[in-house]
Amino acid sequence: MPENNNTPHLDNIFTAYTSGGPLATPAGAAAAQHVARRRRTTRIVAAGVLAIAVLAATPAIAATWTTPNPPAPPADTPTPTTPTPSNSTTPTATPSPSVTTPTAAAPPDGRISKEQLGNTTLDLPEWPEYLKEHCPAGRVKFSDGTAQLAPESELRITISEVVHADLDQDGAKETAALINCSGIELGESRVLAFDRYASDTIVTMGLVTGHTGDIAWIRGIRAKGTAVEVEVLDAAGEGVVAGFAQSQWRAYSWSGKGFVQSGGPSAFPPNPRVTDLSISGGDVQFVPDGADTATGTLRLTISNQGPQRATDPYLRVDLPAKVTITSLPAKCETSKTPSGTRYRCWLPALAAGADSVVNLPLSAPQSVLGGAQPSQWYATIVWGFTGTETGDGEGWPYPEPDGAEGDNSAKGNLLPAP
Amino acid sequence: MTVSMPGPGDTREEPPPTVAEDTGSVVDSFEEFYAATFQPLLLQLYAYTADIDHAHDAVQEAFSRAWPRWNKLVHYDHPAAWIRTVAMNVTRSRWRRLRAARAHARFRHDDTTEGPSPDRVALAHALATLPEKQRRAIVLFHIADLSITEIATQEATTTGTVKSWLHRGRAALATALSDPGTEETNA
């Protein structure tokens, strides 16, 4: 114990501090869960909104192509296609790595290893606005593949992958690097291209791509001819359930001024795992069916407002203690909760635009229903849920479309017999 | 596929878990855990920050982060310690504070609370005058009820250092509380 002879009254003050009443009204567990769920979906939704703009803009960008050997323009439909960048005219005089002093005639070797790149000073373009005060830009010194604004910074830059290709078609290869600046729950990934001057100085060619349009994360890069192919995802972040994100390889090529998409799909199709489910139901009127018991029917209407078919809707119904469902749907589990019973049911697939009514016959002792406050039922509907109660990386359900979460739960009263 | 982000989703801010033996007992629900631990955690965070809104948002933020991991956290010896550490970390970074406020401020029930009592305000404000380590030690020892050994483990230091923080912190706190500038109560 610390000595406290100089502060004898402190213990009383601490006791008073901790023993008083509540400090503030809690926002509630549901609010905390809501924020966690919102975070999962924000990126996906933002990407979906922007996808249309990209579709419209990409052909215009492709039209500015100025090299004599234009790669194929990007597909204008979201159907994944095989990227077809042109590489047939690439000069074959690739410099050997052993050439350390390029002659005046030879283009400088722009192949920079991941280790070299990660232990030098690079010119990095600005990060998006929300990351500017956390991710260094301009002249940034890297050490062991990472860079930070300050040692205790929340976010840091990491060079995760490096590939080499003759991006500017000068006969020597340049370097494309997958770089991200990220911290807890948040981050941006981008692909940058680097070259060398004859003086051996590393120079930044430019940004190949980042989180533009519907790109929520970049998972990998590879060289393909004079293009760099980028594996992009439509969803990212903590809580995105396994199997949810879609991925595509998109190709980007140097136009002489900057990088433009030159192959692969230009947009993601709608994510087949996002659809708008809803649930509704009214109060349950119980009627006596014996000396002490009463029965009623909880009628729940589950709707799929689209746009996708929900393959495995998952219904959860919470009932107070001693109120039971006497006939359950085919695939259900029952568990105890602190306040009663939880029924978890996997329902048949529901097509977009379809409704389904679930009638749950209830039974309860009349004494349970007659309290001063009416007892309540509470039900939620989601899908893609694989079975764990509160969810983790594997068990979370698929997210709802933006703003469509409000109708995924319903509640009502359990009214005693008159 | 689960997206592998080197940063997001990593756990470097989180305390190492201490896994309890599975006793086969009924697992508490997240809601029940929240109901039981919110007020004590809020008191600890308010003492640590002297700002009721920051404290509230930080605790909510920690619960939000706990929920996706609840299946793991529930097996820890002290899941509330995880929440407290995450919440304290949230308050220590301006960026995380802003992020937590953006996420959680609209869920606060500001209209239904009177705010902290004058006694509590006085203690929190006096604590706010202490150096961070001393304040943290005092909050953990006197309000979160951790032992000196537990604090030393959590802060990766020796019990002697913790005792020294507590000793100096208590002295400074006594001074701050008797300073007319911060004395707001007749307790």
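**View 1. A:Cys135 and A:Cys181 are joined by a disulfide, with 2.0 Å between their sulfur atoms.** Here a disulfide is a pair of cysteine sulfur atoms within 2.5 Å. Welcome to a predicted model, in which local features need pLDDT of at least 70, side-chain atom pairs count only at pLDDT 80 or more, and totals for chains, interfaces and linings use all residues. At -90 degrees about the S-S bond, the link of A:Cys135 and A:Cys181 is left-handed. A:Cys135 sits in the loop between β1 (121-124) and β2 (138-141) and A:Cys181 in strand β5 (residues 174-183), so the pair ties together parts 46 residues apart in sequence. Strands (E, at least two residues) and helices (H or I, at least four) are DSSP runs, numbered from the N terminus. Both A:Cys135 and A:Cys181 are buried, meaning under 20% relative accessible area (1.4 Å probe, protein chains only).

View 2. A:Cys332 belongs to strand β18 (residues 332-337) and A:Cys345 to strand β19 (residues 340-346), 13 residues apart. A:Cys345 is buried, at a relative accessible area of 2%.

**View 3. Stepping back, chain A holds four helices and 22 strands.** Of its 418 residues, 50% count as buried. The whole structure has two disulfides over all chains, and the bonded cysteines of chain A, numbered in sequence order, pair 1-2, 3-4. Residues are numbered from 1 along each chain as its sequence is written, chains are lettered from A and ligands numbered from 1 in the order written, and side-chain values use heavy atoms, leaving out hydrogens and water.
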